[in-house]
Amino acid sequence: MNKNSFYQMFDDKFNKDKIYQEVLEKQEKKKRNVLKYCFVPAVFLLGFVIFFVTKDLFYKEDENIVEDKEDQIYVNEIVSEDDSTDDISNLDVVVLNTNSSTFSVTPKEVQVPSDLKLDNIYLVYVKDQEGEYTIIHDTIETYRGEDRALNIAYSSLGEVLRDVDIPEGKMSVIQDTNVMISSIDESFIIKFQYDGVNYDIESYHLTLDEVLMVVRSIIK
């Protein structure tokens with residue numbers, strides 16, 4: 001191989017200009033790849049920043065949204081002047097345990113303290129036009145514990161019949177329903193109307209929170 005041929009071969013394989021050009025091309029290619037793979041995170045980051053900068057411009061808080069109102073609870077204290085009360089037998093009614101009645105009753109779905117169990121269900125009958133006790137005016141569910149008790153009476157014919165009148169007082173508001181809460185000694189008496197039914201609830205040795213739990217389980 002002569003000298004010229006050798007240089008020619010060297011120039012073909014190891015040409016400096018060619019190598020330099022290839023190096024430049026490789027560097028440009030790497031630079032493009034770096035830009036390409038950095039572009040997505042950069043765009044994401046930019047979008048992230050733009051979102052938090054501009055979100056207040058597009059997502060205004062609705063000024064018409066009203067937060068849930070808290071219940072307004074007021075307990076009317078009843079002062080017992082004497083121990084004389086009318087007996088329920090003075091009312092012109094007949095009270096029967098459902099076990100003695102042909103009319104069956106499904107207990108209401110009411111949340112009561114866990115230590116209280118359903119004891120009995122009573123039906124309060126009033127006279128019809130013929131003078132017969134055929135009209136069920138009230139239903140009374142009684143719950144009992146060791147030293148605690150709860151009576152839930154309800155009627156769709158009018159106010160629950162009582163042997164003793166409860167004086168009117170300041171109304172409480174529970175879930176947008178007017179509720180009369182009275183207290184005497186260790187008992188609470190609660191009266192309200194909900195969904196066309198009149199309720200009269202009496203408790204013995206229950207706390208106010210427990211009584212309110214019972215009421216709220218009815219007012220859904």
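Predicted model: local features only at pLDDT ≥ 70, side-chain atom pairs only at ≥ 80, totals over all residues.
Me: How many helices and strands are in the chain, and what makes a run count as one?
Reply: There are three helices and nine strands. Both are DSSP runs, numbered from the N terminus: helices are H or I with at least four residues, strands are E with at least two. From the N terminus on, the order is α-α-β-β-β-β-β-β-β-β-β-α.

Me: What makes E2 and E3 a strand pair?
Reply: Two strands pair if DSSP finds at least two bridges between them. Four bridges join E2 (residues 94-97) to E3 (residues 117-127), therefore the two are paired. They run antiparallel. Leu-96 has Leu-123 in E3 as its bridge partner.

Me: Why is Thr-139 called buried?
Reply: Buried means under 20% relative accessible area; exposed is over 50%, and partly exposed lies in between (1.4 Å probe, protein chains only). Thr-139 has 10% relative accessibility, so it counts as buried. This residue lies in strand E4. What touches it, leaving aside neighbours within four places in sequence, includes Val-105, Ile-121, Leu-123 and Tyr-154. Contact here means heavy atoms within 4.5 Å.

Me: Why does Thr-177 get the label buried?
Reply: Its relative accessible area is 9%, so Thr-177 is buried. Thr-177 lies in strand E7. Leaving aside neighbours within four places in sequence, Thr-177 is in contact with Ser-172, Gln-193, Tyr-194 and Ile-219.

Me: How much of the chain counts as buried?
Reply: Of the 220 residues, 28% do.

Me: What makes a set of residues a nonpolar core?
Reply: The members are buried Ala, Val, Leu, Ile, Met, Phe, Trp, Tyr and Cys residues joined through side-chain atoms within 4.5 Å. The largest such core has 23 residues. Leu-150, Ile-152, Ile-190, Phe-192 and Ile-201 have the most contacts inside it. Strands E5 (149-155), E7 (177-184), E8 (187-194) and E9 (197-204) and helix H3 (208-218) each supply at least two residues of this core. H3 gives the largest share, five residues. Another core, of six residues, lies apart from it, with Val-93, Val-124, Val-126 and Ala-153 among them.

Me: Which residues of H3 are buried, and what covers them?
Reply: Val-211, Leu-212, Val-214, Val-215, Ser-217 and Ile-218 are buried. Their cover includes E5, E6 (172-174), E7, E8 and E9.

Me: Why is the pair of Tyr-154 and Tyr-199 called tilted?
Reply: Rings of Phe, Tyr and Trp (its six-membered ring) pair if their centres lie within 6.5 Å; planes under 30 degrees apart are stacked, over 60 edge-to-face, and the rest tilted. Here the centres are 6.0 Å apart and the planes 45 degrees apart, so the pair is tilted. The pair links distant parts of the chain: Tyr-154 is in E5 and Tyr-199 in E9, 45 residues apart.

Me: Why is the pair of Phe-192 and Tyr-199 called stacked?
Reply: The angle between the planes is 15 degrees and the centres are 5.0 Å apart, so this pair is stacked. Phe-192 has 5% relative accessibility, so it counts as buried. Tyr-199, at 6%, also counts as buried. Tyr-154, Phe-192 and Tyr-199 form one aromatic cluster.

Me: How do you know that Lys-108 lies over the face of Tyr-154?
Reply: A charge sits over a ring if NZ of Lys or CZ of Arg is within 6 Å of the ring centre and within 35 degrees of the ring normal. Lys-108 is at 4.7 Å from the ring centre of Tyr-154 and lies over its face. The charged end of Lys-170 sits over the ring of Tyr-74, 4.7 Å from its centre.

How values were computed: Residues numbered from 1 in each chain as written. Heavy atoms only, no water.
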